[in-house]
Amino acid sequence: MDLTRLNDLSCPDLKVFSGFTDSELRRGLKLNHRYPTGLFVAESMLVAERALAAGLTPVSMLLEDRWLQHESALVEKVQAAAPQAPVYLLSHELFQQLTGYMETRGALTAFIRPALAAASDLVADARRVVVLENIINYTNMGAVFRNAAALGADAVLLSPSCHDPLYRRALRVSMGTAFQVPWTRIPQGAWPHPALDELHDLGFTTVALALRDDSLSLGDPGLARHERLALLLGTEGTGLTQEAIDACDLTVRIPMAHAVDSLNVATAGAVALWELRDRGQR
């Protein structure tokens, strides 16, 4: 292994791990145009391994010396994928000073963000798509992706104002499954129209999960007859906007007991994906 041990924090490469916000990394701000699509930081061995397995390119790695033996296999994978990517080793004290973390979960690895595909290309062969509107909680975002991966979603589409699935906390919660489910962001000005119209033109039945008097039960047998389904999940507090609901073909609710009227968005998505899974394929 080719390691660079640092005895202070003057190395400019370290700014990627603590000097920029996730938003600045995503937009490529302050990166001097070196990475047009931006960067993200993977925390933990599992998340970094799943990023590597997805073919993403690491640019640098930061490791506390006490984790070196435990994560030596990851270091070798990073160096095999990108021999030019430096691997920096810090003492516990310097690592804590740089990141502010009292305890660490292992290596931090900076990756080049993948370019986002057009939604129409992403869903070309999909049968079950999750569409998220205004999800702004990183934990919920990560949980939705983990559920989508586990329960057979073929793609995830994000409205323009959704938080980023590659933010550190979202990635930790998703356990890196954001690299396993294809996803993209709907452009500004295209939500809910023409984005939902395009899904409809591609043969998808758009289904809003919402509480309305005319909502179908999730167990309605007619839902299973739709070959391609796009399931819309709304923001944590108020759910889907009325405009998004009106743009959908169907509105569906999850039957619940004890006068409970709603579920956490990730939980609701998991229940809906399981009930409406593509039984012909899985």
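Colleague: How are two packed helices described, and at what angle do helix α3 and helix α4 pack?

Modeller: In general, a packed pair is described by the angle between the two axes and the distance between them. In this predicted model, helix α3 covers residues 45-53 and helix α4 covers residues 72-81. The two pack at an angle of about 30 degrees, and their axes are 11 Å apart. Angles under 35 degrees count as roughly parallel, so α3 is roughly parallel to α4.

Colleague: Is the crossing of α3 and α4 left-handed or right-handed?

Modeller: The crossing of α3 and α4 is left-handed.

Colleague: Which residues make the contact?

Modeller: From α3 the contact takes M45, A48, E49 and L52. From α4 it takes L74, K77, V78 and A81. By class, the residues of this contact of α3 with α4 are 6 nonpolar and 2 charged, with no polar ones.

Colleague: Take α7 and α11 next. How do their axes cross?

Modeller: For α7 and α11, the axes come within 8 Å and cross at roughly 15 degrees. That makes α7 roughly parallel to α11. The crossing in which α7 passes α11 is right-handed.

Colleague: Which residues of α7 and α11 make the contact?

Modeller: On α7 they are N140, A143, V144, N147 and A148. On α11 they are V265, A266, A270 and L273. The residues of this contact of α7 with α11 divide into 7 nonpolar and 2 polar, and no charged residue takes part.

Colleague: Which residues line the largest cavity?

Modeller: The lining consists of V130, V144, N147, A148, L233, V265, A266, G269, A270 and L273. Two elements give two or more residues to the lining, namely α7 (138-150) and α11. The most comes from α11, with 5 residues. By class, the lining of the largest cavity has 8 nonpolar and 2 polar residues, and no charged ones.

Colleague: And the largest pocket: what is its volume, and which residues lie nearest its centre?

Modeller: The volume of the largest pocket is about 470 Å³. Its lining has 24 residues, and nearest the centre lie L209, A210, L211, G239 and S262. At least two lining residues are supplied by each of α10 (242-246), β12 (250-253) and α11 (265-275). The lining of the largest pocket divides by class into 12 nonpolar, 8 polar and 4 charged residues.

Colleague: Turning to the backbone, which peptide bond into P192 is cis, and where is P192?

Modeller: The bond from W191 to P192 is cis, with omega near -10 degrees. P192 is placed in the loop between β8 (183-185) and α9 (195-201).

Colleague: What is omega for the peptide bond from H193 to P194?

Modeller: Omega is near 5 degrees for the bond from H193 to P194, and this peptide bond is cis. P194 lies in the loop between β8 and α9.

Colleague: Last, phi. Is the value for N134 positive or negative?

Modeller: Phi of N134 is near 60 degrees, a positive value in a residue other than glycine. N134 is located in the loop between β6 (128-132) and α7.

Notes:
Residues numbered from 1 in each chain as written. Predicted model: local features only at pLDDT ≥ 70, side-chain atom pairs only at ≥ 80, totals over all residues. Heavy atoms only, no water. Axes fitted to C-alpha atoms, helices over the stretch in contact; angles between N-to-C directions. Helix = DSSP H or I, 4+ residues; strand = E, 2+ residues; numbered from the N terminus. Parallel < 35°, antiparallel > 145°, perpendicular 65-115°, else oblique. Left-handed = near helix turned anticlockwise from the far one by under 90°. Contact = heavy atoms within 4.5 Å. Nonpolar A, V, L, I, M, F, W, Y, C, P; charged D, E, K, R; others polar. 1 Å grid on protein atoms, 1.4 Å probe; cavity = no way out; pocket = protein on both sides within 12 Å on 5 of 7 lines; lining within 4 Å. Points joined across faces, edges and corners; volume = space filled by probe spheres on them.
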